[in-house]
Amino acid sequence: MKKIAFIMLPIFLVFLYIFSAMHSFHQVHKSIYYNNKQLSKNYIEWDEVKNNFKDFFNANLLDKISNDKEFKELGEFGILVTGLASKFVDYTIDTYINPEGLSLLIEKSDKKSEIPEPNFATLIGGISIMKFDSLSSFHVNLETDGDKIPIHFKRIGTKWKVVEIEFPEDIFNEMNIN
């Protein structure tokens, strides 16, 4: 009897570990489908997501501006403009990357109808698109318009939370930023 318990305990713990990741992913799915701000607060680490957005957008903005001949000709004034643009990006991200901003994006989205309704099948099916990076992180690749957008989860206590969303490098070209 002790042998069976000794063997079953690790199996149970592995099942619990995987199920907790599936459950958290499913809760994020539900928060988007039902536009539930409280669920998004519980399963998205907003401060980390904001910081990752800021780093991504500021790096890309700096890269675009540094390669622009007109900004190079401005000299020190161009550096000032770059700094102000960076602050504007930070302010915009702080304003819109939060549960209320996500809710607004969901309401305005024309792709809302493409999101499958969360149910037991989507809960169990979630494991098929989850890729574990380590014992405390995994990611899923969401496909939209031919682009893969990795969404990274990290284990924080007993929950898994979204900590980063990667965007395609050409997102600025799609936004027509000049």
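Contact, as the word is used in these legends, means that heavy atoms lie within 4.5 Å of each other. The structure is a predicted model, in which local features need a pLDDT of at least 70 and side-chain atom pairs count only at pLDDT 80 or more, while totals for chains, interfaces and linings use all residues. Residues are numbered from 1 along each chain as its sequence is written, and side-chain values use heavy atoms, with hydrogens and water left out.

**View 1**
D94 lies in helix 5, where helices (H or I, at least four residues) and strands (E, at least two) are DSSP runs numbered from the N terminus. Not counting residues up to four places away in sequence, D94 touches K50 and K54. With a relative accessibility of 35%, D94 counts as partly exposed, a class that falls between buried (under 20% relative accessible area) and exposed (over 50%), as found with a 1.4 Å probe on protein chains only. From D94 to E143 the C-alpha distance is 26 Å, and the two residues are 49 residues apart in sequence.

**View 1. The largest nonpolar core.**
A nonpolar core is a set of buried Ala, Val, Leu, Ile, Met, Phe, Trp, Tyr and Cys residues joined through side-chain atoms within 4.5 Å. The largest one here has 25 residues, and those with the most contacts inside it are M130, F138, V140, F153 and V162. At least two residues of this core are supplied by each of helix 1 (2-33), helix 2 (37-43), helix 3 (46-66), helix 5 (76-96), strand 2 (137-144), strand 3 (147-156) and strand 4 (159-165). Helix 3 provides the largest share, seven residues. In soluble globular proteins, nonpolar side chains tend to be buried together. Leaving aside neighbours within four places in sequence, M130 is in contact with A21, M22, F25, F138, H139 and V140.

On a 1 Å grid over the protein atoms alone, a cavity is a set of points where a 1.4 Å probe fits but cannot get out, and its lining residues have an atom within 4 Å of a point. Grid points are joined across faces, edges and corners, and a volume is the space filled by probe spheres set on the points. A search of the whole structure finds one cavity of 30 Å³ or more, and the largest cavity holds about 30 Å³ of space. Its lining is made of S31, N35, N36, K37, S40, P99, L102, S103 and I106. Helix 2 and helix 6 (99-108) are the elements that give two or more residues to this lining, and helix 6 gives the most, with four residues.

S40 lies in helix 2 and is buried, with a relative accessible area of 2%. Beyond residues up to four places away in sequence, S40 touches S31, W46, P99 and L102. S103, which lies in helix 6, is also buried, at a relative accessible area of 5%, and S103 touches N35 and K37 when residues up to four places away in sequence are not counted. N35 has its place in the loop between helix 1 and helix 2 and counts as buried at 18% relative accessibility. The phi of N35 is near 55°, a positive value in a residue other than glycine.

**View 2. K154 on strand 3.**
K154 lies in strand 3 and counts as partly exposed, at 32% relative accessibility. Not counting residues up to four places away in sequence, K154 touches E48, S136, S137, K159, W160, K161 and V163. K154 and N36 are 118 residues apart in sequence, and their C-alpha atoms are 21 Å apart in space.

**View 3. D68 in a loop.**
D68 lies in the loop between helix 3 and helix 4 (69-74), and D68 is partly exposed, with a relative accessible area of 25%. The C-alpha atoms of D68 and L39 are separated by 42 Å, although these residues are 29 residues apart along the chain.

**View 4. Confidence along the chain.**
The pLDDT, which is the predictor's confidence in each residue on a scale from 0 to 100, averages 84 over the chain, and 92% of the residues score at least 70. Confidence is highest in strand 1 (residues 130-134), at 94, and lowest in helix 8 (residues 171-175), at a mean of 56. Where pLDDT is low, the predicted coordinates should not be read in detail.

Notes. 1 Å grid on protein atoms, 1.4 Å probe; cavity = no way out; pocket = protein on both sides within 12 Å on 5 of 7 lines; lining within 4 Å.
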